[in-house]
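The report below walks through some of its parts, step by step.

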Amino acid sequence: MENKKTCLYEKHVALGALMQPFAGYIMPIQYSGIIDEHQAVRQACGVFDVSHMGEVTVRGKDAERYVNHIFTNDVTGAPDGKIFYGMMCYPDGGTVDDMLVYKMGEQDYFIVINAANIDKDVEWMQQQLEGFDVEFENVSEHYGQLAVQGPLAEQVVPEVLGLECADLTFYTGRRIEKDCEVLVVSRTGYTGEDGFEIYGSAEYIGRAWDALLASGRCKPCGLGCRDTLRFEVGLPLYGDELSADISPVMAGLSMFCKLDKEFIGRDALLKQKTEGVARRVVGIELADRAVPRHGYAVMCGDEKVGEVTTGYHIISADKSVCMALVDSKYAKLGTQLQIQIRKKTFPGVVVKKRFYEKHYKK
């Protein structure tokens with residue numbers, strides 16, 4: 001199957017971006033280099049094309065009840081503009097996907113899902129519609145998306161794009177009329193830095209991308225540094241730290257699962273929370289500069305006790321670290337483990353999964 005292209009594909013090629021397949025799309029991995037782009041986001045401002053992400057809308061009399069049924073977090077009585085992070089789960093507690101739910105208005109929800117899971121998620125969500133009076137629509141083809149991230153984003157977005165969003169607090173958003181169309185703008189992101197995500201038509205996203213780069217105040221960034229940025233602050237990636245086989249409890253994301261309400265998978269997650277799980281996602285810091293990669297074995301002596309989910313020699317701190325799914329009895333902070341990298345093993349210790357402190361605008 002041929003990879004899709006986002007609305008900014010030609011612009012990425014013209015900039016000389018390294019393009020590679022990702023989640024069914026051909027996407028920019030880097031422009032000036034992962035380290036340079038990573039530091040731009042940590043220190044100033046970078047812009048990502050994330051138009052591959054999926055969007056659905058849920059509207060109608062039972063919209064709140066339906067969203068609560070499929071979603072681990074609780075949107076009950078939320079004010080307009082509030083955004084929630086959480087998961088959809090299978091009945092056994094495995095993760096369908098993690099996602100953002102925007103409450104845009106009474107009986108009006110805008111949901112953002114992962115690009116690789118759009119078809120699967122939409123099918124799953126449609127299967128759960130029976131008994132709910134809602135209008136459900138997959139609007140992914142109607143939206144492009146930019147993520148403008150970094151400590152200067154609060155200045156850059158209003159001044160360059162003319163969007164009134166500096167007053168938004170973390171995890172809030174609104175619809176904004178601009179250039180004869182309605183955008184969705186939120187103070188969210190996937191980097192651990194302050195920033196905004198902007199959803200609009202392909203035409204608007206193209207103009208906004210051009211304006212941001214022409215300003216000289218915003219560096220184009222690829223998915224390479226998007227991964228290093230999210231990893232440093234312990235944010236999960238579906239397919240690595242979450243999957244049909246890795247529940248939110250196993251991933252350490254129970255805080256986003258409101259077990260005092262009903263939702264699909266709630267009973268299984270409550271049982272996991274109460275009785276414990278066989279495996280957990282942990283952080284591991286290596287004593288060596290060797291770089292652990294996805295799938296590498298985690299060892300305790302001669303016994304394999306887990307696998308690396310994501311690993312890097314992180315850019316914002318001079319150390320090699322990874323997240324790994326390990327047997328729960330080895331998940332305690334301070335546990336000594338080893339990572340098998342090719343034919344050698346390297347000592348490591350279990351640490352917190354956040355390797356760099358987040359800098360969100362509260």
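A residue is called buried when its relative accessible area is under 20%, exposed when it is over 50%, and partly exposed in between (1.4 Å probe, protein chains only). With that in hand, Phe231 counts as buried, at 0% relative accessibility.

A word on the source: this is a predicted model, in which local features need pLDDT of at least 70, side-chain atom pairs count only at pLDDT 80 or more, and totals for chains, interfaces and linings use all residues. Residues are numbered from 1 along each chain as its sequence is written, and side-chain values use heavy atoms, with hydrogens and water left out.

**Aromatic pairs**

Rings of Phe, Tyr and Trp (its six-membered ring) pair if their centres lie within 6.5 Å; planes under 30 degrees apart count as stacked, over 60 as edge-to-face and the rest as tilted. Searching the whole structure gives 11 aromatic pairs. Here are two of them.

| Pair | Type | Centre to centre | Angle between planes |
|---|---|---|---|
| Tyr85 and Phe256 | edge-to-face | 4.9 Å | 85° |
| Phe231 and Phe355 | tilted | 5.2 Å | 40° |

Tyr85 is buried, at 14% relative accessible area, while Phe256 is partly exposed at 23%.

The pair of Phe231 and Phe355 also links distant parts of the chain: Phe231 is in helix H7 and Phe355 in the segment after strand E20 (344-351), 124 residues apart. Phe355 counts as buried, with 9% relative accessibility.

Tyr102, Phe110, Tyr143 and Tyr199 form one aromatic cluster. Where in the chain is Tyr143 found? Tyr143 is in the loop between strand E9 (135-138) and strand E10 (144-149), and is partly exposed at 21% relative accessible area. Contact means heavy atoms within 4.5 Å. Leaving aside residues up to four places away in sequence, Tyr143 touches Ser51, Glu55, Phe110, Val184, Tyr199 and Gly200. Although Tyr143 and Tyr199 are 56 residues apart in sequence, they are 6.0 Å apart in space, C-alpha to C-alpha.

Two strands pair if DSSP finds at least two bridges between them. An open sheet of 3 strands has the order E1-E3-E2, with mixed pairing. Strand E1 (4-5) and strand E2 (18-22) stand at the edges with a single partner strand each, so one side of each has no neighbour in the sheet. E2 pairs with strand E3 (residues 25-30) in the antiparallel sense over 5 bridges; Phe22 has Tyr25 in E3 as its bridge partner.

**The cysteines**

A disulfide is a covalent bond between the sulfur atoms of two cysteines. The rule used here asks for a pair of cysteine sulfur atoms within 2.5 Å, and by this rule the count is 0 disulfides. Cys218 is in no disulfide either; its nearest cysteine sulfur, in Cys45, is 3.6 Å away. Cys7 is partly exposed at 34% relative accessible area, whereas Cys218 is buried at 5%.

Terms used. Helix = DSSP H or I, 4+ residues; strand = E, 2+ residues; numbered from the N terminus.
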